[in-house]
Amino acid sequence: MALKKRVALELGQGTSLRSGDYTRAAERAVKDALWHNSLNMAQAFGAPKEAMIVDVEIAVQQPDAVDCDAVAKIFPYGNVTVSARHGGLDVPKPDGSGSTLVALAAVVVSFMVEEIGRAHV
């Protein structure tokens, strides 16, 4: 039986300093998570890159303002799902002209793998 197995968790932070754009902050958070790593999981398993299951969770103060489809387009391959939920930070500017937005991203990479007999202890 095939099971979904997590092989990597990558974390990132992104900001929108001036424009107040939650999607841009989310995209930057995902890129921050991805650009610090070089994962060769598909090659290690002998699987096509398209077999990767990529679950992305974005945390911002206004999750409905994140265009999850735009964030998903960052990934060149894999079965990508992006969701947004409440979190992150909106830091008010001292002059009252808006806020600096901080988004957090968790990128989980998984594969469907065949279960191998479990050892009994």
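Me: How many helices and strands are there in the protein?

Reply: The protein has three helices and five strands, where helices (H or I, at least four residues) and strands (E, at least two) are DSSP runs, numbered from the N terminus. Along the sequence they follow the pattern β-α-α-β-α-β-β-β. This is a predicted model, in which local features need pLDDT of at least 70 and side-chain atom pairs count only at pLDDT 80 or more, while totals for chains, interfaces and linings use all residues. Residues are numbered from 1 along each chain as its sequence is written, and side-chain values use heavy atoms, with hydrogens and water left out.

Me: Why is T23 called buried?

Reply: Buried means under 20% relative accessible area, exposed over 50%, and partly exposed in between (1.4 Å probe, protein chains only). T23 has 13% relative accessibility, so T23 counts as buried. T23 is found in helix α1. Leaving aside residues up to four places away in sequence, T23 touches A65, V66, D67, A70 and V71, a contact being heavy atoms within 4.5 Å.

Me: What makes the buried residues of α1 line one face of the helix?

Reply: The buried residues of α1 are Y22, T23, A25, A26, A29, V30 and A33. Seen down the axis of α1, they fall within an arc of 160°, so they line one face of the helix. The arc is that of the directions from the helix axis to the C-beta atoms. These buried residues pack against β1 (2-16), β2 (53-60), α3 (68-72), β4 (89-92) and β5 (99-114).

Me: Which strands pair with β5, and over how many bridges?

Reply: Two strands pair if DSSP finds at least two bridges between them. β1 and β5 pair in the antiparallel sense over 14 bridges, with L3 opposite V113 in β5. Seven bridges join β2 to β5, running antiparallel, and V56 stands opposite V107. Four bridges join β4 to β5, also antiparallel. Each of these counts meets the cut-off of at least two bridges.
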